[in-house]
Amino acid sequence: MRRDLPEPPPADVVRKELGELTVAAPHPMTGYARSRFPHWITQYGTCDTREVVLARDGQDVVQDDQCRAVSGIWYSAYDGKIATRPSTEVDIDHVVPLANGWRSGADEWSTAKRRQFANDLVNPQLIAVSASSNRQKGDQSPDQWAPPLRSYWCTYARAWTHVKYVYALNITEPEKDKLNEMLDTCPA
């Protein structure tokens, strides 16, 4: 059964959250390294965050005795691609990328808080998507990259905004404008 990322709040709630976010210039990348965000930590047994998300977001997922997904079917909500090879075709995307988080305020956090942000299974921060879409996105904000499937814009904007709100991260003015445009695609 597909569960996908945790459901973000409805658009009307997210619009309120967006209005409460601080608009600010990006922080410098000074000191940034992905290693400053310990990710893919063990969640239980031998299962790390990546494997938990692969199992959650896929269909008919088979895992080996080390909890690694060895087969299954994954649908990428960003671009509509279907993947069957988790090791090469599927990436786990941080909806709000680690580098974007750094530029938005995570540079001032403790390592423990950055670990929580990088492995958050409670909020809509992690999703299995095609490796190609994740690499196209990189660390860009919605004003720089949006999912090619416009039908996913509502969910993506709700997830992005909610994660920024939960973690009290800043946004830029262009980012806020694009999020509002994307939220306009949500059903009334």
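Predicted model: local features only at pLDDT ≥ 70, side-chain atom pairs only at ≥ 80, totals over all residues.
So, the lining of the largest pocket: six nonpolar residues, three polar and three charged. Residues are numbered from 1 along each chain as its sequence is written, and side-chain values use heavy atoms, with hydrogens and water left out.

Back to the pocket. Among the residues lining it are Tyr32, Arg34, Trp40, His94 and Asp139. A pocket here is an open set of points on a 1 Å grid over the protein atoms alone, where a 1.4 Å probe fits, with protein on both sides within 12 Å along at least five of seven lines; lining residues have an atom within 4 Å of a point. The space inside is about 160 Å³, counted as what probe spheres set on the points fill, with points joined across faces, edges and corners. Which strand gives the largest share of the lining? That's β6, with three residues. Both β6 (90-94) and α3 (98-103) supply at least two. Helices (H or I, at least four residues) and strands (E, at least two) are DSSP runs, numbered from the N terminus.

Now the sheet. Three strands make an open, antiparallel sheet, ordered β3-β4-β5, where pairing needs at least two DSSP bridges between two strands. At the edges, pairing on one side only, sit β3 (59-63) and β5 (82-83). Three bridges hold β3 to β4, with Gln59 opposite Ile73. Five residues separate those two in their hairpin, and Cys67 in the turn has a positive phi of about 75°. Between β4 and β5 there are two bridges, and Trp74 partners Ala83. Helix α2 (residues 49-57) packs on this sheet, touching β3 and β4, at about 145° to the direction of β3.

Last, a helix pair. The axes of α1 (residues 11-20) and α7 (residues 173-183) come within 11 Å and cross at roughly 170°; axes are lines fitted to C-alpha atoms, for helices over the stretch in contact, and angles run from 0 to 180 degrees between N-to-C directions. So α1 is roughly antiparallel to α7, the label for angles over 145 degrees. Contact, meaning heavy atoms within 4.5 Å, involves residues including Val14 and Leu18 of α1 and Leu179 and Leu183 of α7.

Note on methods: Parallel < 35°, antiparallel > 145°, perpendicular 65-115°, else oblique. Nonpolar A, V, L, I, M, F, W, Y, C, P; charged D, E, K, R; others polar.
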